[in-house]
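These are my notebook entries on a structure of two chains that I looked up. I begin with the contact between the chains and then turn to cores, strands and helices.

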Amino acid sequence: MMTRRQVMQATAAGAGVLLGDRILMGAGSVAAQPKGGNLSIAIYSDPVMNPVIAQGKESNWTNAFLFNMLVKPSEENPARMVPDLARSWDISSDGTVWTFHLRTNVKWHDGKPFTAEDVKFTFDRILDSTTNTRLRSDLRPIQSIDVVNAGTVRFRLGKPYAPLLTFLGYTAGIVPKHLLDGKDINTAAEFNTKKPIGTGAFRLRSYRSASEVVVEANPDYHLGRPHLDTVTLKIVPDVNAQIALLNTGGLDLAMIEPFALGGVKGNPNLDIVTFDQMTWWHISPNTTVPLFADKRVRQALTHALDREAISKNVSGGSWPVMATPIPPFLKPWHNPAVQPYAYNPEKAASLLREVGWTKGSDGMLQKDGQPLKFKLLWGRIAGRQEIAVLVQQYWRDLGVDVEMEGLEWSATIARFVKRDYQIFLDRWVAPYEPDMTNYFSSSAATTGKNSAVYRNPEIDRMLEAGRSATDLEERKKIYFKFQEAIHDEQPQIFLFWQPDTQVRSKAFSGIPRMATGLGDPFYYANEYRRLQ
Amino acid sequence: MASYVFRRLVHSGLVLLLLSAITFLIIQIAPGGPSILINPDISAEDAQRIRENLGLTRPLPVQYVRWISALLRGDFGRSFIDGRPVTEVLFERLPNTLVLSGAALLLAVSIGLVSGTIAATRIRSLIDHAVMLLSVVGVSLPLFWLALMSILILSVKFRLFPAAGMSTSPTDASVADRIHHLILPATVLSTVYMPQIARYMRSSMAQVLVQDYVRVAHAKGLHARTVLTRHAMRNALIPVLTVIGLMMPTLVGGAAITETIFAWPGMGRLAVDAAFRRDFPMIMGITVFFSAVVLLSNLIVDLTYAWLDPRIRY
């Protein structure tokens, strides 16, 4: 077995165990502060209150109040997992056996004790191919889950899988065996929409479809009763209505895209806060299209874009230009030596000249009498059109004829899944992980999120090595090299990072400074307080 | 009569069957697919597995026959999104839409009839021009704009009405609180119907008022108000009632835009959500339910004609 210290380093979980204790102490020592009150949060549609089959923000957020995971992202660094239902964990020296020691004082909302059986049940369901879950693809390396005793559970992997901890803390809430065993979890509507039973700081009080979900403080929560009495998740599908409610006090917290922020600026009762998250905008050339097979073409397309100017235009400059998909805040994995390509139209033109594209009499690029021409696919939802129009302009200035294909969202994603496009503008939302297998490995070229349909044996080897590395320094070295390679290869035209923009009432304290998207801050809802 | 009703019911059944088949086909060929399958967060491999679990890999005719035979047993299926039975969701949303559309229609009918009548009795007067101008404005203003403006001015600026929702808290809301939440969306939605009703009422009443029997009534020395309400109104109402009758299905179908902007949990929003998420069982359920209501209400209207007018016989 590895020493405890090694384990912590290899999994980047170091601060976690200590932090868990601090939360416990904190809850007891501040009894003089105000208690009670309600927090209202906006969600866009009906949630599914079962983390195993849930998809989408509304479900992730709601479930963060009702359920716990084995581990959860830390407040200081979301890439670091800290204890949630697991007190601590050890990894065998070969990295294939993970043993989790569970908290023993945890009860389900119906009073039954939480045990290792529930953990095994949850992950067995996730790995079962008849379960409609999106968690499975990330957890597939798990071969079996054994209950050692009521407070200990052991995960066996086929080979070392460093990202495991991240994915255990990525919306993977634990569900009760005693209520779901023997039922079809996909259609257990009684549990999923009416009587969800979790271990979370809040339990369901009421739910009205398309109206609201009300959760109330769980008096038996294992970290102590939450300070708030209730949290209301209001289902408000229109962003303008959300803004009206924020302004009139009908809502206390919402995640608002920067395009819509104008409506809340200047309101003295509201704070607009932004947090780092693993969400990046990209334009992915389909590298199976001969034109995009040469990396110089991809590099040229990046050099031709003034990404600073585009960011200024669509986000007021709040979206930093990116170099690689491992962002500066993702410590210790980010390689600071790799910097974004500069805006350099001359360089772009010369790179294309190397490949044989020259300017014709009409100012447009051509080779053997054929124009440089392709179709840009994007979905007609938030922000895509604004970015696409600017990109088209920059590339036209370079001499490229870009035809626009802006489609309805479902149709766009269906085309993406079939990889039926020449070049595709969109954004990715990734877990806080340097493991980019799902985005750049040839194993994900047709079945994952590898939007560039990119196949490169050298990159594959690096990603594989990064996944199975058990030593922190070794793993870090691999990802530093990966960033250099991916920067040179430019399989995607990397645009910018989109931080999470949260609008919240000033009447609350204790809401951690974490991105909202996956519901991470709501796993700390037991610490929230209403001040007025 | 009985055989006519029977024939009409059989016809309605066939129309329903055809409608459901067309809808089934359309949602299948619509680009994309159920949102849980096209979420970029799931791998294509998982999507394929889910597709199998949902029965979407079977040939289309087989899927349709399975769906229709379940329907005949009263089973509308379950939502792809949260697994809830479609009927349960429909009957949860229906009352909300009845309240909103009902209030809007009531408002539109009462104001529309009165203002149309007043305009007709004072053709080319200032008040007539005002009513006609307002009705043109009402018809022309986009509903979403009106809704947002009313929220911005009446809710956010002057804090007169709540900005969204059906009540402050759906679990313990007083009647007064519910009405307070209803006023803004119902008023905004009524502007869709009101101008039509006012204009129809005006022209219909204007035609009736120059009829001989109205002149006779006046000649008899009847009070002008009695002529209007006892004689003219009844006949003027007939074409207007047809127009109002045509608006009735929206009571059930809901108003997607108003419901979305005001966060009103009604049928219109349900339909739009289902369409965007490609929630096939929900789309089919709403279509069949709504079509059945339209067909049935048409049948009732036709039967009412025969009852009202002895010259019509089936």
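How many residues does the contact take from chain A and from chain B? I read 45 residues from chain A and 49 residues from chain B, with two residues in contact if their C-beta atoms, placed from the backbone, lie within 7 Å. I note that this is a predicted model, in which local features need pLDDT of at least 70, side-chain atom pairs count only at pLDDT 80 or more, and totals for chains, interfaces and linings use all residues. Residues are numbered from 1 along each chain as its sequence is written, while chains are lettered from A and ligands numbered from 1 in the order in which they are written.

**Entry: the side of chain A**

I looked up which elements of chain A supply at least two residues each to the side touching chain B; among them are strands S8 (202-208), S9 (212-217) and S10 (230-235) and helix H9 (239-248). Helices (H or I, at least four residues) and strands (E, at least two) are DSSP runs, numbered from the N terminus. By class I found 16 nonpolar, 21 polar and eight charged residues on this side. Here Ala, Val, Leu, Ile, Met, Phe, Trp, Tyr, Cys and Pro count as nonpolar, Asp, Glu, Lys and Arg as charged, and the others, Gly among them, as polar.

**Entry: cores**

I took a nonpolar core as a set of buried Ala, Val, Leu, Ile, Met, Phe, Trp, Tyr and Cys residues joined through C-beta atoms within 7 Å. A residue is buried if 20 or more other C-beta atoms lie within 10 Å of its own, exposed if 12 or fewer, and partly exposed in between, with C-beta atoms placed from the backbone. The largest core has 142 residues, and those touching the most other members include Leu70(A), Val231(A) and Ile197(B). Helix H8 (residues 175-209) of chain B gives this core its largest share, 14 residues. I followed Leu70(A) and, leaving aside residues up to four places away in sequence, found that its contacts include Leu85(A), Phe100(A) and Ile174(A).

**Entry: a sheet in chain A**

I traced an open sheet of four strands in chain A, in the order S4-S5-S7-S6 with antiparallel pairing; two strands pair if DSSP finds at least two bridges between them. S4 and S6 (142-149) are the edge strands, each pairing on one side only.

Which residues of strand S5 (residues 97-102) form its covered face? They are Trp98(A), Phe100(A) and Leu102(A), whereas Val97(A), Thr99(A) and His101(A) make the uncovered one. In a regular strand the side chains alternate between the two faces of the sheet.

S5(A) pairs over five bridges with S4 (residues 86-91), and Ile91(A) stands opposite Trp98(A). In the hairpin of these strands, five residues lie between them and Gly95(A) takes a positive phi near 75°. S5(A) also pairs over five bridges with S7 (residues 152-157); there Thr99(A) stands opposite Arg154(A), and Val97(A) has Arg156(A) as its bridge partner.

**Entry: chain B**

I counted 14 helices and zero strands in chain B. Its C-alpha atoms fill a box of roughly 85 × 60 × 35 Å along the principal axes. Of its 314 residues, 35% count as buried.
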